[in-house]
Amino acid sequence: MNDQQQHAQIEAAAQRLRAGGVVAFPTETVYGLGAVAANPEAVRRVFAIKGRPTDHPLIVHIGQAAQLERWAREVPDQAWRLAERFWPGPLTLILPHHAHVPEVVTGGQDSVGLRVPDHPLALALLHALCPEHGLAAPSANRFGRISPTRARHVREELGEAVDMILDGGPCRVGLESTIISFVGGVPRLLRPGGIPAGALEEEIGMSILADDPQRPSVRASGGLPSHYAPATPLEVWPGAALWRRALELAGEGMRVAVLGMSAAPTAADGARLLRFPMPPQAADYGHALYDTLRRADAAGFDRLLAEAPPEEDAWRAVIDRLRRAGWKPQADDNFG
Ligand code: TXA
Ligand code: MG
């Protein structure tokens, strides 16, 4: 697509949105399903299309950090520092909201999630919409399913229900944004994501507390134990046990897909076993994970097996998503 065609696409998408439409658009993390945040009726359609409960808040995507104060009534210094350092980028800040932010966006909470996405099409779309507009957008998947990292994923899952899908190619990060809440005074990590918490802590010079899973400070569907899930049951095993388990299941007659960083021992090759090679670096792995899960899920296997990543900060988001994708603790895995 040349620049002129792309410009026309962006204008058409902005027009749809202004008219109350719902448009799927690319971000650097995953594709979003957007509606103008100030239009409650359009936002309600987003919930309906996703099949998402209406008390789960949406992130408002804005074009630049300077617009923070249009949505948030209090912005602590540390939040400003994070916004200035990491936006545009895979970071969402949860802050107390102004009265004009529609309740359907905030899910009735006293806070609003804000982020500047790092994707040229998303930024061009926000720019075309006018600075005072924000795009309320969850990930463009059905509630509880894997987030889309390609336009094709959105088309396959939501198809005709969406007014328009902007195709920006595969998402660079491939996992959702890191969510930090400033509600209640101290910064808390609500969801590990595209930026490791350690990098954020370094910027603000203080530690970021984990959200208490027993008493989450706010509702976040990404915080539900079973989320981002493929339909096929998934098990996660340390490298040493991975292929043993795969062979065992294949021996019981199951078709098994193995998302492995390490190659199969030759003895493990067989008609019932298929390896989906995964990159050994956390960022590359994160980029590939959802697309690989979708492909493996669609290929009709009885079981998905993934190799447990190292317990390191860089892998936090991947480990979190594998857990939510249905990872049941195995007897001899020591991942807590
Ligand atoms: O990378 C991302 O964050 C992607 C792209 C499209 O920006 N968006 C995304 O949105 O993952 P969603 O709705 O699928 O996940 C956002 C999470 C949800 O679990 C939601 O409940 C939580 O953020 N959230 C949004 N606003 C919140 C708020 N005010 N307080 C607490 N949690 C909030
Ligand atoms: Mg989502």
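Modeller: Contact here means heavy atoms within 4.5 Å. Keep in mind that this is a predicted model.

Biologist: With that cut-off, which residues is T27 in contact with, leaving aside its neighbours within four places in sequence?

Modeller: R115, P117, H119 and C171. T27 itself sits in the loop between β1 (23-25) and β2 (32-36).

Biologist: Is T27 buried or exposed?

Modeller: Buried means under 20% relative accessible area. T27 has 1%, so T27 is buried.

Biologist: What does the side chain of T27 make a polar contact with?

Modeller: The side chain of R115, at 3.0 Å.

Biologist: Now T232. Where is T232 placed?

Modeller: In the loop between β10 (209-210) and β11 (234-237). The relative accessible area of T232 is 7%, so T232 counts as buried.

Biologist: Which side chain is joined to that of T232 by a polar contact?

Modeller: That of D297, at 2.5 Å. Beyond four places in sequence, T232 is in contact with D297, F301, D302, R303 and L304.

Biologist: How many residues apart in sequence are A314 and Q281?

Modeller: They are 33 residues apart in sequence, and 9.0 Å apart in space, C-alpha to C-alpha.

Biologist: Let us turn to helices. What describes two packed helices?

Modeller: The angle between their axes and the distance between the axes. Take α1 (residues 3-18) and α6 (residues 120-129): their axes come within 9 Å and cross at roughly 55°. Angles of 65 to 115 degrees count as roughly perpendicular, and those under 35 as roughly parallel. The two helices are therefore oblique to each other. Their crossing is right-handed.

Biologist: Which residues in α1 and α6 meet?

Modeller: From α1 come Q6, I10, E11, A13, A14, L17 and R18. From α6 come L121, A124, L125, A128 and L129. By class, the residues of this contact divide into 9 nonpolar, 1 polar and 2 charged.

Biologist: Last, the backbone. Is the peptide bond from W87 to P88 cis or trans?

Modeller: That bond is cis, with omega near -5°. P88 has its place in the loop between α4 (77-86) and β4 (91-96).

Notes:
Residues are numbered from 1 along each chain as its sequence is written. Chains are lettered from A and ligands numbered from 1 in the order in which they are written. This is a predicted model: local features need pLDDT of at least 70, side-chain atom pairs count only at pLDDT 80 or more; totals for chains, interfaces and linings use all residues. Side-chain values use heavy atoms; hydrogens and water are left out. Helices (H or I, at least four residues) and strands (E, at least two) are DSSP runs, numbered from the N terminus. Axes are lines fitted to C-alpha atoms, for helices over the stretch in contact, and angles run from 0 to 180 degrees between N-to-C directions. Angles under 35 degrees count as roughly parallel, over 145 as roughly antiparallel, 65 to 115 as roughly perpendicular and the rest as oblique. A crossing is left-handed if the near helix is turned anticlockwise from the far one by less than a right angle, and right-handed if clockwise. Ala, Val, Leu, Ile, Met, Phe, Trp, Tyr, Cys and Pro count as nonpolar, Asp, Glu, Lys and Arg as charged, and the others, Gly among them, as polar. Buried means under 20% relative accessible area, exposed over 50%, partly exposed in between (1.4 Å probe, protein chains only). A polar contact is a pair of N or O atoms within 3.5 Å; within protein, one must be able to donate a hydrogen and the other to accept it, and residues adjacent in sequence count only if both atoms are side-chain atoms.
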